[in-house]
Amino acid sequence: MTGSDTIFALSSGVGRVAIAVMRLSGPQSSLLLKDLAGSLPAPRHFSLCSLRDPGSGELLDKAAVVWCPGPQSVTGEDVVELHLHGSPAVLGAVFDVLRRYPLLRPADAGEFTRRAFANGKLDLVEVEGLADLLEARTSSQLRQAMQQFSGVASSVFDGWRSELLQIRAGIEAAVDFSDERGVAEAALESVGQQIQALEQKMQLSIDQSAVSEILRDGVRVVLAGYPNTGKSSILNLLARRDAAIVATRPGTTRDVIEVHMDLGGVPVILTDTAGLRLVTSDEIEAEGIRRTRRRIADANIVLWVSAPDVPGSAHPEAGIKVDLYVRNKSDLVDPGSKLFRNETEPPYLDVSAQTGSGSSELINYIRSLANEQVRAGDAALIVSARQKSIVERSIRLLNDACMVGSTNLELKAECIRLASDEVGRLTGRVDVEEWLGAIFNRFCIGK
């Protein structure tokens, strides 16, 4: 990738669509548009243009065109958007014309956004927020991504960096007045208080990051239980489709099956698992049970499924923390209380996957449990492993600074400088080359 290249890509969906958006960015964009349209339209206005093949003069399409000269553009370069009719024939003809230009080439994944970052249009936190925004499936994920993409989180991180610069200035002032009794001590006391206050804010953001990770990836809800209790039937009931194979023979489910759901704006990953047994001679089933136990250990919410025709199924294995007991096949027994609580155990819910009885109550209960998992997650500042590791290193450096005594003020100032550099890496103001490839490869070609 070089900044002198002009790149192009289809930035909208493919297939039978009314309008398809072709984007170009780079120094040759204006030349290409002039060749296609005959002249440059007014900047930053939608203009209806007849686009023709520069070689043959053949009409390619009548399209809406937007011309944005840099640096006032999304990438900071000259940018052209062609809003074409979405037929494959039109797109193919325009692509053929673009490929003839020697200084034009197809864009790499995320290259438009990477150029925006390189030209100061987005910082690294906003880039990560944009990636999450493109992948958001629920309203909660959307809110969390927008906080990153809109610059709200970046402004907080920039504030941390400003505080660190002030702290460093306070340490240097203490050095300058080290020969004046009382002045240096007062300056260092104020610096210590500032360091502790900033460290507390950073630690709070770390504590909240676990919730943001759950919100970003989805609340993991696992259906667990013994064979033939109807876990797969309940999964299909909640998913409203045949996601899992159902049979009367025990042990039908051999591997985990996942269904992604949106429950009141909260992303949920509902997982069906192989039935648990203490002993099995089937190697495939044994592997499925091993995976089941691993999924239970990693779950945010565990639903233990039992059935009246499976003796002993109401009691889970020792060590399994259950959030809700689901008594399936309630149509086989006399109707009882739908939901009741015990002082020492989670609530029970009677459900029939056969008749659908209790399904609404089950969905509502899962929704309430999921909401508890992600409460305030969309307000979290730290939403990625990269951000978390940087803030953790910054906290360690602040702790190091607090441990340095007044006789080594230069070392204390150096710890603060390193912490400031770490915070700068959050937004990309300090070298972050090692992270760039991993971040931008998350994007599609046209972004």
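Is Thr427 buried or exposed? Thr427 is buried, because its relative accessible area is 2%, and buried means under 20%. This holds for a predicted model.

**Around Thr427**

Thr427 belongs to helix H12, which covers residues 409-427. Setting aside neighbours within four places in sequence, Thr427 is in contact with Phe117, Asp123, Leu124, Val125, Ser154, Phe157 and Asp158.

Some of these names return at helix H4. At the start of H4, a side-chain oxygen of Asp123 comes to within 3.0 Å of the backbone nitrogen of Val125. H4 itself spans residues 124-135 and has 12 residues. From its first C-alpha to its last, H4 reaches 17 Å, close to the 16 Å expected at 1.5 Å a residue. Nine of the 12 residues are buried, so H4 is mostly covered. The buried residues of H4 are Leu124, Val125, Glu126, Val127, Glu128, Gly129, Leu130, Ala131 and Asp132.

**Strand E4 and its partners**

Strand E4 covers residues 59-68. Seven of its 10 residues are buried, so E4 is largely enclosed by the rest of the structure. E4 pairs with strands E3 and E5, as the table shows.

| Pair | Bridges | Direction | Residues facing each other |
|---|---|---|---|
| E3 (residues 47-52) and E4 | six bridges | antiparallel | Cys49 and Ala63 |
| E4 and E5 (residues 79-86) | five bridges | antiparallel | Ala64 and His83 |

E3 and E4 form a hairpin, with six residues between them. In the turn sits Gly57, with a positive phi of about 80°. In a regular strand, side chains alternate between the two faces of the sheet.

Helix H8 covers residues 231-239. Why is H8 described as largely enclosed? Seven of its nine residues are buried, so the rest of the structure largely encloses H8. Those buried residues are Lys231, Ser232, Ile234, Leu235, Asn236, Leu238 and Ala239. Their cover includes strands E7 (219-225), E8 (257-263), E9 (266-272), E10 (301-306) and E11 (324-327), and helix H10 (359-374). After H8 comes Arg240, whose phi is positive, near 60°.

The largest nonpolar core has 29 residues. Within this core, Val219, Val221, Leu238, Val268, Leu303, Val326 and Leu362 touch the most other members. Two or more residues come from each of helix H7 (183-217), E7, H8, E8, E9, E10, E11 and H10. H10 gives the largest share, seven residues.

Which residues does Leu362 touch? Leaving out residues up to four places away in sequence, Leu362 touches Ile234, Leu238, Leu303, Leu324, Val326, Leu349 and Val351.

**How confident is the prediction?**

The mean pLDDT of the chain is 83, and 84% of its residues reach 70 or more. Among the elements, E4 has the highest mean pLDDT (95), and strand E12 (residues 339-340) has the lowest (46). Two stretches call for care. Over residues 244-252 the pLDDT is below 50, and this stretch has 21 contacts in the model beyond near neighbours in sequence. Over residues 337-343 the pLDDT is also below 50, with 14 contacts beyond near neighbours in sequence. Where pLDDT is low, the predicted coordinates should not be read in detail.

Conventions: Residues numbered from 1 in each chain as written. Heavy atoms only, no water. Buried < 20%, exposed > 50% of the residue type's maximum accessible area, 1.4 Å probe, protein only. Helix = DSSP H or I, 4+ residues; strand = E, 2+ residues; numbered from the N terminus. Pairing = 2+ DSSP bridges. Expected span 1.5 Å × (residues − 1). Polar contact = N/O pair within 3.5 Å; in protein donor to acceptor, adjacent residues only side chain to side chain. pLDDT = per-residue confidence, 0-100. Contact = heavy atoms within 4.5 Å. Core = buried A, V, L, I, M, F, W, Y, C linked by side-chain atoms within 4.5 Å.
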